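Subject: Structure handover

Hello,

Here is the structure we talked about. Please open it and keep it beside this email as you read.

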Amino acid sequence: MDKTPKKIKKYVRQALADMPVRTAVANAAETSVASRDKIAGGIPYWELVRRKVRSIKKDVLEHLDEYLIEFESNCQANGIKVHWARDGASAREIVGKIARDCGASMVVKSKSLTTEEVGLNAYLAENGIEPVETDLGECIVQLLGQIPSHLVAPALHLSRQDIGRVFQDKLGVEYTEDPAELTEIARVHLRQKFLSARMGISGANFGIAREGCICVVENECNARLTVSLPKVHVAVMGVEKLIPDMAALPYFLKLLPASATGQKSSSYVNIIGGPGREGAGEGPQEVHVVLLDNGRSRILGDGQLRETLMCIRCGACLNSCPVYRQIGGHAYGWVYMGPIGSALIPQYLGEKEGRYAPSLSSLCGACREICPLEINIPRHLLKLRNKVVRAKQSGFFERIAMKLWAFAAARPLVYRFVTWFPGKFQMLLPGKRAFPAPGYMGRRAIGRFDSKGFAKRFRRMERKND
Amino acid sequence: MTDSDRNDILADIRSSLEIASDIPFAVGADEQPLEGALAAELFDDPQTMRTRFAEELAAVSADFDVLDDQTAAAKWAGEVLAVDGFNTLVVAEEGICLDIAKAIQSDRPDLEIIVAGDLDGAERQARLAQPSAALVEVDYALADIGSLVVLRDNTASMLPHFLPESVMVIVRPEQLLANQFELIKVLPQDAGGNMVFITGPSRTADVEKVLILGAHGPRRVSVGMLESAK
Ligand code: SF4
């Protein structure tokens, strides 16, 4: 499905009109926050771990070049082939070539936002290689030709009836809406794919520099099978995903599953440190890691916004966000959504394409509060809104209105007149209504101009004090 | 990949890093209080640790039993097998699990035992993908989260841990550690690279957030703590 953040306004309107999806997303988000709170509340040193992890990530970002070189050389020592991809096109080509070289006509994939970011599935399909998503939620949205609506729960917006219908249509099975039966259908369908795929593709939650390995965290065991069964494994990983060493991993593993799914631990934490060795447990014969830049080095160049690269994609900020809870993930028009998506979209796609994304926030601060890394998303959204304006990407009428306001606000007499005038005009509106606020879909109104505003109250206070 | 991609990316990163950071918190902040808090989390005695392990396993829908010896282990595994009615039992290789499997077989001659390490790759995958149960060992267990840890290079085949529907796991008391922090301290130097933490059966909540056990991996995980290998 071709979506673009340029059409955010349209998607928001569509999302707000879809009550069943709004209810499903809001309920799921609320349940997720409650389970996260329960687990986080049970860890007495939660705040200390948060700070520790923050300081580890900060250190990694500020020495990213050194950590990348260390990671590369230790991966190579473990027999992992490391590739560097400047952008999405380069990543797609690298993965496509590995697939062709191993003769894969079909690849199994475990959930990876990074591969969604670079549009890998479409590229593989265009080149005659069938990509099969094996995470249940991803499998469902792939069958529907959609993109995920949540960083962690891709099919959050779909009801069991929707899923029953898509399985019936696309997999030719009898309709059922029983979650256990739907899961079983996917298990049987995908097991055949696991057994026949020559190549598996995953993302990586962490790249571990000193030990030269990657870590993939999951619940379904599909990532484990994606790594173990095919002969070749490729992990596509953003350059910012590094952590220094294995000793740092437990700190991250305290925060990630708790924040993502309200678990003390995910069911499977896979640490992949190279191809299978002779006579030892299963593993692929070839392991490749694709290190993706795709704008990350540019983001690093802003001392403030660099903090957004600390994100571990847990999705907690989505669940806590009052805006996401109403509009769901598809309204953002890209693979990253919710508060962190609002911050990443204009940074990855540019101020023109992503101009509306930073406005999808009430700046209430719930995202920062829940974020395990304490990323100050509201602060970054303000800066990004500012960048959008400076890049002259805000709307024409908004620019004119702001210019007029700035002109009037700097001249008290003019200001008094221009606020007095609409106040009088407003009296003519039936039922003493206020002017609707543009851009709020008719749901908000501008404060009444004839109300006792700050200036009037201040003058009255002054008179009283005199 | 071209070398120029690599060098360009590194050059861009270096030039970006010339900009001063505006991320609060100094490296190493709160190091001491955190170490203190982690130390306070350690268990006073092995029994408390074992009790916590059992509780955490229950919380992730895995069973826990204490097994006095191999005879008790065979009885336990036989009972778990009977719950799902499997006639095939997979073990990774020769060793204690195979001994226990043979002990079960002496009472149940219809039981087929598959030694995964004896099969070649394709056959092993195909056989283990059929409905079956497995009896496996792990390298460590973690009390605070109910996790089992497998170092891949220590087993002839890891598929028995992941492909069968019911997985029975033998854990030795000395393998039980307090948490991941303690695990990292005892891991062999070269072991970090290939490892899996397993916490309960595979699961999904992708259909309306309803929790279903057995997404792509085991539906049932049963842990037996074997007191004596005899
Ligand atoms: S910004 Fe924070 S809360 Fe949001 S996905 Fe990233 S790490 Fe999680």
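Below are the main findings, grouped by topic.

First, the ground rules. This is a predicted model, in which local features need pLDDT of at least 70 and side-chain atom pairs count only at pLDDT 80 or more, while totals for chains, interfaces and linings use all residues. Residues are numbered from 1 along each chain as its sequence is written, chains are lettered from A and ligands numbered from 1 in the order in which they are written, and side-chain values use heavy atoms, leaving out hydrogens and water.

**Aromatic rings**

Over all chains, the structure holds 9 aromatic pairs. Rings of Phe, Tyr and Trp (its six-membered ring) pair if their centres lie within 6.5 Å; planes under 30 degrees apart are stacked, over 60 edge-to-face, and the rest tilted. One of the pairs is W334(A) with Y336(A), which is edge-to-face at 5.3 Å centre to centre, with 80° between the planes. W334(A) is buried at 12% relative accessible area. Y336(A) is buried too, at 1%. Here buried means under 20% relative accessible area, exposed over 50%, and partly exposed in between (1.4 Å probe, protein chains only). Ring pairs also bring in Y348(A), giving a cluster of W334(A), Y336(A) and Y348(A).

Helices (H or I, at least four residues) and strands (E, at least two) are DSSP runs, numbered from the N terminus. F53(B) is buried, at 0% relative accessible area.

**Charges over rings**

A charge sits over a ring if NZ of Lys or CZ of Arg is within 6 Å of the ring centre and within 35 degrees of the ring normal. K3(A) has its charged end over the ring of Y11(A), 3.9 Å from the centre. R313(A) does this with Y336(A), at 4.5 Å from the ring centre.

**Salt bridges**

Why can side chains form such pairs? Side chains of opposite charge can pair when their charged atoms come close. A salt bridge is a side-chain nitrogen of Lys or Arg within 4 Å of a carboxyl oxygen of Asp or Glu. The structure holds 34 of them over all chains.

- E62(A) and K58(A) meet at 3.5 Å, N to O. Both lie in helix 3 (residues 46-62) of chain A, 4 residues apart, about one turn of the helix. K58(A) is buried, at 11%.
- E240(A) and R313(A) meet at 3.6 Å, N to O. E240(A) is in the loop between strand 7 (232-238) and strand 8 (242-243) of chain A, and R313(A) is in the loop between helix 13 (296-300) and helix 14 (316-320) of chain A, so the pair ties together parts 73 residues apart in sequence. E240(A) is buried at 2%, and R313(A) is buried at 11%.
- E282(A) and R124(B) meet at 2.2 Å, N to O. This pair crosses between chains, from the loop between strand 9 (268-272) and strand 10 of chain A to helix 6 (residues 121-128) of chain B. E282(A) and R124(B) are both buried.

Shared partners join E117(A), E240(A), R296(A) and R313(A) into one salt-bridge network.

**Strands**

Strand 1 (residues 80-85) of chain A is mostly covered, with 5 of its 6 residues buried. It runs parallel to strand 10 (residues 286-292) of chain A, joined by 6 bridges. Two strands pair if DSSP finds at least two bridges between them. W84(A) has L291(A), in strand 10 of chain A, as its bridge partner.

Most residues other than glycine have a negative phi. C221(A) is not a glycine, yet its phi is positive, about 80°. C221(A) sits in the loop between strand 6 (213-218) and helix 11 (222-228) of chain A. C221(A) is buried, at 0% relative accessibility. L363(A) also has a positive phi, near 60°. L363(A) is in the loop between helix 16 (338-349) and helix 17 (366-370) of chain A. At 29%, L363(A) is partly exposed.

Best wishes
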